[in-house]
Number of protein chains: 10
Amino acid sequence: MLFKVEMTVRVPPGFDPQEFERLKAKEKAFSQDLQRQGIWRHIWRVAGLYANVSIFDVRDNSHLHDLLMALPLYPFMDITVAPLCRHPSAIHEDDR
Amino acid sequence: MLFKVEMTVRVPPGFDPQEFERLKAKEKAFSQDLQRQGIWRHIWRVAGLYANVSIFDVRDNSHLHDLLMALPLYPFMDITVAPLCRHPSAIHEDDR
Amino acid sequence: MLFKVEMTVRVPPGFDPQEFERLKAKEKAFSQDLQRQGIWRHIWRVAGLYANVSIFDVRDNSHLHDLLMALPLYPFMDITVAPLCRHPSAIHEDDR
Amino acid sequence: MLFKVEMTVRVPPGFDPQEFERLKAKEKAFSQDLQRQGIWRHIWRVAGLYANVSIFDVRDNSHLHDLLMALPLYPFMDITVAPLCRHPSAIHEDDR
Amino acid sequence: MLFKVEMTVRVPPGFDPQEFERLKAKEKAFSQDLQRQGIWRHIWRVAGLYANVSIFDVRDNSHLHDLLMALPLYPFMDITVAPLCRHPSAIHEDDR
Amino acid sequence: MLFKVEMTVRVPPGFDPQEFERLKAKEKAFSQDLQRQGIWRHIWRVAGLYANVSIFDVRDNSHLHDLLMALPLYPFMDITVAPLCRHPSAIHEDDR
Amino acid sequence: MLFKVEMTVRVPPGFDPQEFERLKAKEKAFSQDLQRQGIWRHIWRVAGLYANVSIFDVRDNSHLHDLLMALPLYPFMDITVAPLCRHPSAIHEDDR
Amino acid sequence: MLFKVEMTVRVPPGFDPQEFERLKAKEKAFSQDLQRQGIWRHIWRVAGLYANVSIFDVRDNSHLHDLLMALPLYPFMDITVAPLCRHPSAIHEDDR
Amino acid sequence: MLFKVEMTVRVPPGFDPQEFERLKAKEKAFSQDLQRQGIWRHIWRVAGLYANVSIFDVRDNSHLHDLLMALPLYPFMDITVAPLCRHPSAIHEDDR
Amino acid sequence: MLFKVEMTVRVPPGFDPQEFERLKAKEKAFSQDLQRQGIWRHIWRVAGLYANVSIFDVRDNSHLHDLLMALPLYPFMDITVAPLCRHPSAIHEDDR
């Protein structure tokens with residue numbers, strides 16, 4: 001089941017840069033592990049912003065929730081979620 | 001070059017249903033032609049809304065503009081556009 | 001899988017009242033059929049507004065989408081959708 | 001009398017994590033006590049957000065106010081309240 | 001039980017002025033009847049706007065809903081509702 | 001002359017609780033003094049929020065301004081002001 | 001007593017241009033009469049918009065309301081009202 | 001050339017009150033000097049808010065910019081600017 | 001003196017297409033005449049939208065106002081205006 | 001390929017002024033270098049605000065992203081990006 005997730009990262013002023021780099025490295029490893037499993041299917045940077053547009057392919061709402069809450073940068077993120085489904089004009093039976 | 005395009009369709013009250021079905025059929029053919037060319041790379045329905053989330057892969061801004069203005073349902077759409085680029089955490093060199 | 005759906009009905013000025021009553025009767029029958037099946041689990045009126053808060057229990061995003069698009073009053077509705085999941089503080093294993 | 005209450009929790013950056021865990025445990029106990037009394041009738045997590053959708057069944061507006069002001073996490077919450085009532089299409093005389 | 005209700009009236013362009021005057025007269029009679037019963041406790045005009053701020057004293061949410069849906073000008077109104085209760089600084093035990 | 005004033009109190013995180021209690025006590029005394037004079041005619045709590053809806057009866061705009069600026073909790077408040085006048089449907093010549 | 005009033009005019013598509021010119025002429029005469037009386041103290045055009053910023057000097061809220069409701073173009077206007085008073089930094093005792 | 005400028009002052013919590021009083025005194029002197037020169041033509045307090053509505057009469061956009069950036073309280077202000085011009089209904093050739 | 005002007009065109013549903021083409025041709029001629037005079041210095045299409053971003057170089061606010069009010073498509077436009085001035089980092093003394 | 005970029009700078013209260021001046025000097029040098037290369041084609045100050053309107057001429061979305069992320073003041077900026085293309089009414093083949 002697909003969801004579009006948009007994440008914007010806001011670093012609070014004065015946050016320790018080394019600690020933030022450590023969290024970013026963890027976030028990257030976490031994201032790449034989910035990408036390799038085919039769960040975090042797409043991730044694009046929004047040009048000019050510290051933000052991404054992602055497509056998740058999960059079992060259900062709870063699966064999505066557990067993954068997002070486990071993001072190392074979650075406390076610094078504004079997140080919006082939109083449930084997606086097959087579009088009747090898609091030429092792919094299963095556009096993931 | 002990738003862009004996220006979100007389209008919401010609003011049919012004005014009283015619009016002729018047959019004419020609208022005719023435009024929808026044209027829209028579908030137009031979209032599927034671009035999908036087959038690899039330009040309209042993804043199209044998903046937003047669950048519960050007459051709206052889609054799409055990913056376009058175009059030559060440049062003008063190419064995107066010309067395609068969107070040519071959509072048969074364009075006069076009924078609210079559209080937002082976000083330029084995308086490769087995310088540093090993506091495991092794909094080229095996530096299209 | 002649970003979703004909160006909020007629907008606000010807007011009747012365009014000048015719409016034929018008899019036709020609207022006919023659509024409302026169809027909407028009610030459609031809703032009650034889904035309630036009896038345990039799919040449209042809750043429906044509450046928002047006090048003072050022509051609007052409802054509903055809880056749907058569906059198989060997946062597509063199931064929700066197909067049900068909402070089939071609502072007889074769909075063309076007159078503003079709809080928002082929020083995917084829900086079990087809350088860790090809930091005393092029910094399965095709060096539906 | 002039913003109310004929909006939506007709560008979003010925002011932890012200020014730098015807040016002591018242990019103190020926050022202590023408040024969360026108190027919040028959980030407080031919520032579960034009200035759930036057992038049939039006052040906090042439903043609580044769902046919004047997928048991907050540190051937020052919930054809840055249904056309260058209270059004596060009156062003051063009763064609702066006193067309960068919400070007593071939430072241990074109240075100082076960290078954004079709250080919206082909507083008074084609900086029976087929907088004419090509900091198949092239940094009393095959908096709580 | 002008290003509620004603040006704010007109503008803004010929007011007359012669609014081209015609406016028959018005589019029919020509108022007839023509805024306004026019915027609205028006034030309806031409002032004054034509720035005022036005499038002590039249900040519609042206050043009604044003030046917002047200076048410069050076709051809008052009012054009102055205080056209703058009703059039995060419960062459903063009572064409020066039924067009254068507002070019965071307003072002759074309801075189809076032309078934008079309405080917001082806020083449940084009120086006694087303020088701890090009020091010098092009146094019962095400020096209605 | 002009547003004004004609706006809506007006040008929402010926001011306590012900055014980390015503000016000294018004892019100092020805040022001291023300000024609240026001053027605010028209550030200040031409000032009750034104005035209520036006794038018939039200037040702060042109504043004050044209601046908005047259910048679930050640290051906010052109030054108030055009706056002031058003042059000589060003019062400056063009088064209102066001076067009173068609000070003198071509120072002990074003013075630095076913590078978001079305030080909106082709406083000038084009110086007699087509603088043509090009011091049954092009271094002078095609804096204060 | 002001073003108020004800032006901002007008015008934006010929106011002509012519904014298809015409105016009879018001659019009738020609109022007639023209303024504009026009445027509006028101008030009405031405005032100039034109030035300007036000559038010193039009630040409508042200032043009126044400025046907002047560059048690029050069919051909108052004005054005005055300063056009214058009225059007896060009280062009701063006086064303002066009655067004047068605005070009598071504007072020939074009132075049915076086509078979006079209006080916002082802000083009560084003003086003397087600024088402590090003004091060099092004029094009475095800046096009208 | 002006239003501009004409407006609206007300024008809202010927000011003092012960050014914990015800012016040194018003496019330093020703020022010192023800045024306010026400088027702001028007042030700065031404003032009064034410009035008022036005497038006929039540049040800051042009007043300044044009104046918005047009733048109930050720490051905000052003003054002002055009319056500036058400047059040579060051009062840059063002149064306005066330089067004046068606003070020089071305000072001693074500028075770092076604490078939210079500012080909106082609207083370019084004004086003569087209204088065709090004004091009875092004054094030059095309403096400053 | 002420079003201004004950024006953003007224009008979004010909205011064609012009302014059912015507007016006569018031939019009349020609209022006629023207005024568009026007049027708009028183009030009007031715009032190109034001002035471009036040739038060096039007044040309408042830049043005009044760019046916003047990709048995907050029936051909207052433009054323009055830079056005007058005018059004598060003053062009134063000059064800008066008169067030009068925008070004379071646009072043949074003005075009745076179909078939403079317009080925002082921002083006064084611009086030289087940026088201290090610009091390498092051009094006069095970036096027009 | 002052209003983009004409009006709007007940047008608003010917000011300095012957090014209490015930020016070290018000397019460090020900020022150092023960052024501003026770096027920002028200016030960075031901007032001027034890109035201006036000399038013809039990449040940052042225009043930069044205008046928005047009158048009255050600590051904000052600019054800029055036009056970038058870049059190879060593609062990624063090029064724009066890399067430049068904006070490298071701005072020394074990026075952590076203090078709110079940024080919006082709009083992809084631009086040639087307007088059909090432009091008299092220049094290539095309005096940069």
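**View 1. Chain A laid on chain B in this predicted model.**

A note for reading all the views: residues are numbered from 1 along each chain as its sequence is written, while chains are lettered from A and ligands numbered from 1 in the order in which they are written. Because the model is predicted, local features need pLDDT of at least 70 and side-chain atom pairs count only at pLDDT 80 or more, whereas totals for chains, interfaces and linings use all residues; side-chain values use heavy atoms, with hydrogens and water left out.

**View 2. The interface of chain C and chain A.** Here 12 residues from chain C meet 12 residues from chain A. About 800 Å² is buried between the two chains, and carbon and sulfur atoms give 71% of that area; buried area is the accessible area (1.4 Å probe) that two parts lose on being put together, summed over both. Look next at the elements on the side of chain C that touches chain A: those giving two or more residues are β1 (2-9), α2 (61-69) and β4 (77-86) of chain C. Helices (H or I, at least four residues) and strands (E, at least two) are DSSP runs, numbered from the N terminus. With 5 residues, β4(C) gives the most to this side.

**View 3. Polar links between chain C and chain A.** There are 4 residue pairs in polar contact across this interface, both residues at pLDDT 80 or more. A polar contact is a pair of N or O atoms within 3.5 Å; within protein, one must be able to donate a hydrogen and the other to accept it, and residues adjacent in sequence count only if both atoms are side-chain atoms.

**View 4. D:Asn61 in helix α2 of chain D.** Helix α2 spans residues 61-69. Leaving aside neighbours within four places in sequence, D:Asn61 has contacts including D:Phe3, E:Pro83 and F:Ala47.

Definitions and conventions: Contact means heavy atoms within 4.5 Å. Copies are superposed by least squares on the C-alpha atoms of residues with pLDDT of at least 70 in both.
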